[in-house]
Amino acid sequence: MSDLFAARSQMAISLAFHILFAVVGIGMPLLMVVAERRWLATKDPIDLELAKRWSKGTAILFAVGAVSGTVLSFELGLLWPGFMELAGPLIGLPFSLEGFAFFTEAIFLGIYLYGWDRIPPRAHLLAGVMVAVSGAVSGIFVVLVNAWMNAPTGFELVNGAITNIDPIKALQSPAAFQQTLHMTLAAYAATGFAVAGIHALLLLREPMNTFHRRALAIALLVGAPAALLQPISGDISARNVARYQPAKLAAMEALFETRRSAPLLLGGWPDMETRTVRYGIEIPAGLSLLAAHDPDAEIAGLDQFPREDWPHVPTVHVAFQVMVGLGTAMALVALWVIWTVARRRQIAEHPLLLKALAVCAPFGFIAIEAGWTVTEVGRQPWVVHGVLRTADAVTPMPGLTYTLAGFTLLYVLLGIVVVWMLYSQIIKSPRDQDWHRIYSPAAATRPATEAR
Amino acid sequence: MPPLGLADLVAGAVVLGLTAYVLLAGADFGGGVWDLFASGPRREHQRSLIAHAIAPVWEANHVWLILVIVLLFTCFPPAFSRLTIALHVPLSLVLLGIVLRGSAFIFRSYAPEYSTEQRSWGRVFAIASLVTPVLLGVALGAIAAGQVNRPSGRGFVEDYLAPWASPFTASVGAFTLALFAFLAAVYLTVESRESDLQEDFRKRALAAGGAVFVTAFLTLLLAWRESPLVWHGLTASARAIPVHLVTGTAAILAFWGLWSRRYRVARVAPAAQVVGIVWGWALAQYPYILPPTLTLQDAAAPHITLKLVSIGLGVGAVVLLPSLWYLFRVFKR
Ligand code: HDD
Ligand code: HEM
Ligand code: HEM
């Protein structure tokens, strides 16, 4: 394996791992805050129990997110010193601001998790709000960096060197709004659907359990609107990609030849050698309609770009199909949910809908991985679109295969442990005695303090 | 000396961040070390006191490191890229340690009480807490010794191992570990409400204080032999003298406080000691960021970046400082 490929793989694995936890760090605090706010209003202990149980799971996921994020900050240099040397001064600003968002997030999460009986209820809720807001803000800051990599602005390129930099302009990349909106919605849709799916599954077993009914309602309150908006936001993104990153769009759609009235391709396996697609279904003029909102529009194909500037077309195309497919399914289920609620029916008494929700549980997370694959692999061979090639940014350090193997092993193990912990410790129906106990997550960390 | 500029200001913020990291996260690592060495009849009590002290704050404390890294790559990009290239191996190991320490700590907290699962995670947490500070110290030692340069292309060993594998860096590693353990033990004397536990940690603090002294002496000795740069900075430069005075006084105060069981004094004194050590080192190598060749000025990002980051730091501090104050008021009265 070449060192460049090892570095790319290590970056990809680290990001693919981190994003799962980061998304939970954006989504779960909102769910907890909604539950706690309800509790303050209704004094219904179910709401409090929900907030507390969710916060236990969040504590585990947040810790893993924080450490894997630390790995990423170092890896930007460990793997891509060339990138950081060039881009650091330009895009360091959002990273620095993100640092402060992390601070607020970590500080108030500590207060939220361990402060249940140390501060007044309103202050506690406010701490939760701070966590939710700073989680969303950190996500937005880091995606601003990525938007800059996709559509860089705020500098002049003189003989390959970046000069005359303007870090404020760099924040206003043409992809910035589209990407931050799409990512933030993705976080809420994915978390909401995952939580809803888990509780739907438990409701199929115990349809009368009020605890799961409440959890489902809150999770869908967050997840369903986001999932419904996601295709719209995705369309905005796609048109932006068509304009600023035409090679990526061509790869997403496996469009080898520039065409007027370009068709939309469903499925299919692109072959980069023969420049053809096997097994796809074409919808006439569909792509032109979607990308330009005009059925006659001309869409640039891969033939407009030198062969060495193509990303890996099958990966990008398939990942895009996966995201859009799952996104469509989630949006349809969200519509179904809204339709059911509008007719004043109980979702919990609708086994088919519960089953659909259970099936959709992982969809958001898979769509997120697929979407990032589109963005990142679709940008290749560039690390900064049109400015710096990935191959020129990689570290000179040899033997990267070993660090890749080490981190992969670490992440696989961590992933297994996290899933096991959530399954065995967190995802449970409350037992009778649970209702009587004011549970404090801090108690679990100090077995002996109670005893002494 | 040229007038201080923006680059110096931001570099000051980096050193400040590092100081906070050592003072706060350093003690969290030290706590893990004492978890590993928990012993005697109150062993489980010691462990739970440590866990209890660390749980609400370690993630916030950890962010100081991220701030340092981010400031480095934003404001001093060539220094960051040199560091991450030459110190790829120890930094990767530090990351491994950070990941294992943090996740094992949280897994332990949520594993079934008194289970083997919980005990195993406790072990992982404790061992990672011991190893990570050593590696961190080794990396810092390599910077101080002036070993972080562009790779020469002579080979893997020369470029990627030699810069950080030396008796001097090893002794800085040991010194860092001793310092973190010392801080933790001292803080834990204040944290514990029981006099028995307090005694346990007082003894540990005295032992660790001794280790700090010995490793510091060893480091100085090795610096004299191996790293003229550090030796010169620490001994010959006029800037260093007041800092030495602070550090020395603080060390004496710390011992006195521990000896006479004045734990509040004992808590402040080592903190002052750490401030002295970190700033002493920073001043000793000023104006270099990576001695002996790369100065702050040469490594600094364009003026506009420094300016915006300084503003960002100011605005950030307005949010951060009250939040931090609140966190510590809630949990660390
Ligand atoms: C819950 C997750 C989710 C769902 C349901 C969707 N997406 Fe998405 N998509 C993402 C999660 C995501 C993402 C992982 O968050 C990405 C990666 C980069 C980004 O900003 O968002 C992304 C990127 C992304 C991009 C590339 C942006 C770029 O490279 O700059 C496009 C064109 C779309 N999406 C389009 C869509 C469409 C048309 C969808 C219709 C259903 C859709 N997405 C559903
Ligand atoms: C190169 C890319 C990235 C880097 C360098 C990075 C860095 C980090 C770091 C250092 C942390 C730890 C903060 C702490 O200790 O609390 C963190 C956590 C976090 N990151 Fe990332 N990150 C990256 C990508 C992303 C992406 C794509 C998102 C989401 C949109 C994201 C969102 C978050 C969030 C919400 C947290 C809070 C902790 C959590 O909930 O797990 N990050 N990240
Ligand atoms: C928002 C913050 C992000 C930043 C700053 C970022 C940055 C980078 C960088 C610097 C590289 C290496 C250079 C390159 O290959 O272009 C990379 C590659 C990659 N990243 Fe991202 N990334 C981000 C988010 C993500 C996320 C969340 C994923 C999740 C799956 C991801 C997936 C990948 C993949 C698959 C590659 C390898 C692409 C290839 O080499 O073919 N990225 N990213």
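A residue is near a molecule if one of its heavy atoms lies within 4 Å of it. With that rule, ligand 2 lies between chains A and B.

Some housekeeping before I go on. This is a predicted model, in which local features need pLDDT of at least 70 and side-chain atom pairs count only at pLDDT 80 or more, while totals for chains, interfaces and linings use all residues. Residues are numbered from 1 along each chain as its sequence is written, chains are lettered from A and ligands numbered from 1 in the order in which they are written, and side-chain values use heavy atoms, with hydrogens and water left out.

Back to ligand 2. It is surrounded by 25 residues, and the closest are H18(A), G25(A), S73(A), F102(A) and E105(A). H18(A) also has a polar atom in reach: an N or O atom of the H18(A) side chain is 3.0 Å from a nitrogen atom of ligand 2. A polar contact, as I use the term, is a pair of N or O atoms within 3.5 Å; within protein, one must be able to donate a hydrogen and the other to accept it, and residues adjacent in sequence count only if both atoms are side-chain atoms.

Which helices supply at least two residues each of the shell around ligand 2? From chain A they are α1 (3-42), α2 (45-79), α3 (81-114) and α4 (121-150), and from chain B it is α3. Helices here are DSSP runs of H or I with at least four residues, numbered from the N terminus. By class, this shell has 14 nonpolar, 10 polar and 1 charged residues. Ala, Val, Leu, Ile, Met, Phe, Trp, Tyr, Cys and Pro count as nonpolar, Asp, Glu, Lys and Arg as charged, and the others, Gly among them, as polar.

Now ligand 1. Of the 25 residues around ligand 1, H182(A), K248(A), M323(A), I368(A) and T375(A) come nearest.

A polar atom of the T184(A) side chain lies 2.6 Å from the backbone oxygen of T180(A). T184(A) counts as buried at 18% relative accessibility; buried means under 20% relative accessible area, exposed over 50%, and partly exposed in between (1.4 Å probe, protein chains only).

Next, the interface. The size of an interface is often given as the accessible area lost when the parts come together. Chain B and chain A bury about 6,400 Å² between them, 78% of it on carbon and sulfur atoms; that is the area lost to a 1.4 Å probe, summed over both parts. On the chain B side, H88(B), L95(B) and Y110(B) lose the most area to chain A, together 12% of what that side buries. The contact, meaning heavy atoms within 4.5 Å, takes 72 residues from chain B and 67 residues from chain A.

How many salt bridges are there between chain B and chain A? The count is 1, with a salt bridge defined as a side-chain nitrogen of Lys or Arg within 4 Å of a carboxyl oxygen of Asp or Glu. E85(A) and R150(B) form it, at 3.1 Å from N to O. Across the interface there are 8 residue pairs in polar contact. On the side of chain B that touches chain A, α14(B) gives the largest share, 16 residues. That side divides into 49 nonpolar, 17 polar and 6 charged residues.

Last, salt bridges in general. Over all chains the structure holds 18. R38(A), D44(A), D47(A) and R214(A) are linked in a network. Within it, D47(A) and R38(A) have their closest N and O atoms 3.1 Å apart; D47(A) is buried at 0%, whereas R38(A) is partly exposed at 33%.

In chain B, D35(B) and R108(B) meet at 2.7 Å. D35(B) lies in helix α1 (residues 6-36) and R108(B) in helix α5, so the pair ties together parts that are 73 residues apart in sequence. Both residues are buried.

Conventions. Buried area is the accessible area (1.4 Å probe) that two parts lose on being put together, summed over both.
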